[in-house]
Structure formats: C-alpha cells, structure tokens
Amino acid sequence: MAILVTGGTGKTGTRLAQLLLAAGHSVYVTTRSVGKVQSPLKGVKFDWLDSSTKDAPFKAAAANNEQIEAVYLVGPPIADMASVLNPFIDLAIEKGVTRFVLLSASQVTKGQPPMGVVQEYLDTLKVDYCTLRPSWFHENFLVPHNFRPLVNEDQIVSAAEDGRIPWISSDDIADAAFNALTSEQIEERDLLVVGPELLTYEQIAAMFTEVLGRKISFKRVSQEGMSQHLLQHEFHPGVTEMLSALDLIVATGGEEAIYKLESKYVGKRTLLDFIRANKEAWIR
Ligand SMILES: NC(=O)c1ccc[n+]([C@@H]2O[C@H](COP(=O)([O-])OP(=O)(O)OC[C@H]3O[C@@H](n4cnc5c(N)ncnc54)[C@H](OP(=O)(O)O)[C@@H]3O)[C@@H](O)[C@H]2O)c1
C-alpha cells in the first residue's frame, strides 16, 4: 500500500516511515527540504503554508502509478492548523485516500484548537480515522529549549512545578501510528498515548545528574518566564503562550489525570533508557 507521512522528517514521522518501509509499504514523505529524505523513502517537497504544493504528494504517487491510501497528518506549528489541514484532507479524499491518522496531543480534545478542530472535521467525513493524543515526547530533551540549558547551564527550565508527566517515546508513538495506519480496522478513534511512568522535573533532573555525572538542576519559572524561554529558543510567538499554559495544566495534575484514565495506549520505553542511549548529546 502507498502511505503518505507528513512531518516525515520529524520526531514521530521519521520512525513511522521506517516502520512502514520495513513492512513493505511504499512510503511518501513530505518535507520542505527533500534533501533530508533518503531512498527508498520517496521525498516530496511540500509546505503546509504554500497552497501551491498541496497536490504534490498525489502527483508524485501518480507518476509512479501508485495511489496513496492512507495519510499520517502532522500539522505546522500555527494556531489555525485547520485552515491548512482541512482543505488538504478534502483533496486527499478526492484523490482516493480512505484513512487518516492525525497527530494531536493529550491535552487537546476534539473541537479544541489547533489539532482538535481538525479532529472534529474528520469526524464529519465518511473516512476511517484515528487521532493520536500523546503526552510529552522524550525527544524534547534534544531540542533547543531543553537541550541548550542542559548543556550550557546544567538545568531544565519549566513552569510545571511538581506536576508529573507520563513522558512518551517517539518510537512508541510511531508504533501506535503504524497500527492505526495499517490495521484492518481502527479500534479507537481518539487514542491517548502515554509512557510507562509519571515523572516530575525534579526526578528527571536527578536522572540526568546520575547519567551525565554532573549536577543538573530544575529551574522553576512562572508561565510568563516559560513563554519568554520558549521565545528565545526557536518557538513561534503565536504558540509560546499556549505551550507555557500547558505547564500550568501539568502543575495542577492535568497529565497525571490523563495517565490514570483506563482507555489509553501505554508505551514501553522509559525516559531513563532514552537519557542513557543519548548521553553523548549532552556531554560538554
Ligand atoms: N513534542 C511534544 O512533546 C509533543 C507532545 C504532544 C503532541 N505534539 C504534537 O506533535 C506534532 C509534532 O511536533 P514536534 O515538535 O514533535 O515536531 P516534529 O515532528 O519533530 O517536527 C515537525 C515536522 O513538521 C514538518 N513541518 C514543520 N513546518 C512545516 C510546514 N510549514 N510545512 C510542511 N512541513 C512542516 C517538519 O518538516 P521539514 O522541516 O522537513 O519541512 C517536521 O517533519 C505537533 O503537532 C505537536 O503539537 C508534540
């Protein structure tokens, strides 16, 4: 089957694309920089914010006499994600796509911007779909807002106070996405995806201290302080408020409540194993 992975150069997309390839599927991967995509993956130049690229994946498949049947949707980091994803979904259906798997987030429910609005739209269509709602990714510790303070200042910065998060591996999310894209039937249209354990930032700082062999501290900041921190580390101004507000949800037990729900997909990989496996990245 031909499957399209949008965000295919990102944390979950790269892993999902490899799983699909290994299972024998023809895999199209969208990116703004096709040089990032290695054969036998089929890279397609595509930008959510440039509508002239909207039909590029379907043209690429047609040129290979293939038809894309399923799509993994990772939207761009903008507040009005539905304004670009919904028209793309319409086009994909017109081109023969029958199944969508949307990457959303644990705290974003159906109808809520940004991804929940897309989920609500999928709900109105006669297609198979699944919304994956993962918790915080392990791989966030390799991106600038966590990576730089860890390496340069021996600290992790957050407004989440002593709130606990069920950190999830992108490999586990990719496993869940693979199942949703390829299983005969989608069992759960709204699937929470959490890691195996709840952790505070103090506990995470202690793990880094143990693995790296130098003291790593948790720097507690206000929501405003967190917004400023994200702004300084490559986040779009339009989303920093929303992301720092998530820390307050964590602080008041929002992610702990998600973890305690019965119906969810629980990943196997632990954050401690992730830190051990990537130890070299944070060595100065
Ligand atoms: N990180 C977390 O902890 C977390 C937790 C829950 C949910 N989520 C959700 O997961 C999704 C992915 O977030 P992430 O931060 O982990 O990012 P990511 O998947 O690591 O990277 C973003 C991907 O999107 C692509 N992309 C970005 N802007 C694009 C554009 N304008 N047009 C086309 N492609 C574009 C990038 O491709 P190119 O750069 O190659 O074009 C890249 O493949 C987001 O919707 C986020 O809300 C994240």
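Select Leu-122 to begin the tour, and you will find this residue in helix H4, where helices are DSSP runs of H or I with at least four residues, strands are DSSP runs of E with at least two, and both are numbered from the N terminus. The model is a predicted one, in which local features need pLDDT of at least 70 and side-chain atom pairs count only at pLDDT 80 or more, while totals for chains, interfaces and linings use all residues. Residues are numbered from 1 along each chain as its sequence is written, and side-chain values use heavy atoms, with hydrogens and water left out.

**First stop: around Leu-122**

Is Leu-122 buried or exposed? Leu-122 is buried because its relative accessible area is 0%; buried means under 20%, exposed means over 50%, and partly exposed lies in between, with a 1.4 Å probe and protein chains only. Leaving aside its neighbours within four places in sequence, show the residues in contact with Leu-122, which are Ile-89, Phe-100, Leu-102, Val-127 and Tyr-129, where contact means heavy atoms within 4.5 Å.

**Second stop: the nonpolar cores**

Next, select Ile-68, Val-71, Leu-73, Leu-85, Phe-88, Phe-100 and Leu-122 together, which touch the most other members among the 30 residues of the largest nonpolar core. A nonpolar core is a set of buried Ala, Val, Leu, Ile, Met, Phe, Trp, Tyr and Cys residues joined through side-chain atoms within 4.5 Å. At least two residues of this core come from each of strand S1 (2–5), helix H2 (56–63), strand S4 (68–73), helix H3 (82–94), strand S5 (99–103) and helix H4 (115–123), and the largest share, seven residues, is supplied by H3.

Stay with Phe-88 for a moment and, apart from its neighbours within four places in sequence, look at its contacts, which are Leu-4, Phe-46, Trp-48, Lys-54, Pro-57, Phe-58, Val-71 and Leu-73. A second, separate core has 27 residues, and Leu-16, Tyr-72, Cys-130 and Ala-174 are among them.

Now colour helix H5, residues 144–153, in which His-145, Asn-146, Pro-149, Leu-150 and Val-151 are buried. Which elements cover these buried residues of H5? The cover includes strand S7 (155–158), helix H7 (201–212) and helix H8 (223–232). Just after H5, Asp-154 takes a positive phi of about 55°.

From here, move to Arg-284, whose place is in the segment after helix H11 (271–277). Arg-284 counts as exposed because its relative accessibility is 58%. If neighbours within four places in sequence are set aside, Arg-284 is in contact with Val-151, Asn-152, Asp-154 and Arg-214. The C-alpha atoms of Arg-284 and Pro-237, which are 47 residues apart along the chain, are separated by 30 Å.

**Fourth stop: backbone details**

Most residues other than glycine have a negative phi, and most peptide bonds are trans. With that in mind, select Ser-39 and Pro-40, which are joined by a cis peptide bond with omega of about 10°; Pro-40 is placed in the loop between strand S2 (26–31) and strand S3 (42–45). Another cis peptide bond joins Pro-113 and Pro-114, with omega of about -5°, and Pro-114 is found in the loop between S5 and H4.

Go on to Asn-65, in the loop between H2 and S4, where phi is near 55°, a positive value in a residue other than glycine. Asn-65 counts as exposed, with a relative accessibility of 76%. Glu-161, in the loop between S7 and helix H6 (170–182), has a positive phi of about 50° although it is not a glycine, and Glu-161 is partly exposed, with a relative accessible area of 44%.

**Last stop: the whole protein**

Finally, zoom out to the whole protein, whose secondary structure comes to eleven helices and ten strands. The radius of gyration is 19 Å, close to the 19 Å that the globule rule gives for 284 residues, so the protein is as compact as a globular protein of that length; this radius is taken over C-alpha atoms, and the rule is 2.2 Å times the number of residues to the power 0.38. The C-alpha trace spans about 55 × 35 × 35 Å along its principal axes, and 50% of the 284 residues count as buried.
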